[in-house]
Amino acid sequence: MAAAFAAIGGKWKLTLIYWLGRGDTHFAELRRRCAPITAKVLAEQLRELEADGLIERVETGPVPAPVIYRLGPYGATVLPVVEAVRVWGESHLELNGGDRAVEDAMGCVQALV
């Protein structure tokens, strides 16, 4: 459990994996989807996910060309976990009245698998 939490724990990593599981994207798009995440925190989380081999960072050209992030083959193995957490979250909201506002970024309403 400790190794899993180290790799995918925290407020943003599962959300980032969810969005990358839906397709490759660049830093600015991830930041928009995960608002109110700060650029600093997003960069840190992406670096950690890359260091753990879950995502890949693809430079598209010389600076200032956008950098594309994508889920790597190893990262794809965690998608069933992300989907299970997403489904559990929906059930949790229903159990608790479902009237709490969920931020769009954290909503992640579409199924992954």
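## Arg-70 and Glu-56

In this predicted model, Arg-70 and Glu-56 form a salt bridge, with N and O 2.7 Å apart (a salt bridge is a side-chain nitrogen of Lys or Arg within 4 Å of a carboxyl oxygen of Asp or Glu). The pair links distant parts of the chain, 14 residues apart: Arg-70 is in strand S3 (residues 67–71) and Glu-56 in strand S2 (residues 55–59). Helices (H or I, at least four residues) and strands (E, at least two) are DSSP runs, numbered from the N terminus.

Arg-70 is partly exposed, at 33% relative accessible area, and Glu-56 is partly exposed, at 29%. Buried means under 20% relative accessible area, exposed over 50%, and partly exposed in between (1.4 Å probe, protein chains only).

## Glu-48 and Lys-13

A salt bridge joins Glu-48 to Lys-13, and their closest N and O atoms are 2.8 Å apart. Glu-48 belongs to helix H4 (residues 39–51) and Lys-13 to helix H2 (residues 13–21), so the contact ties together parts that are 35 residues apart in sequence. Glu-48 is partly exposed, with a relative accessible area of 36%, whereas Lys-13 is buried, at 2%.

## Within helix H6

Glu-83 and Arg-86 meet in a salt bridge of 2.7 Å, N to O. Both lie in helix H6 (residues 79–95), 3 residues apart, about one turn of the helix. Glu-83 is buried, with 9% relative accessible area, and Arg-86 is buried, with 13%.

## Network and total

Salt bridges link Glu-29, Arg-32 and Arg-33 in a network. The structure holds 8 salt bridges.

## Basis of the values

Residues are numbered from 1 along each chain as its sequence is written, and side-chain values use heavy atoms, leaving out hydrogens and water. In this predicted model, local features need pLDDT of at least 70 and side-chain atom pairs count only at pLDDT 80 or more, while totals for chains, interfaces and linings use all residues.
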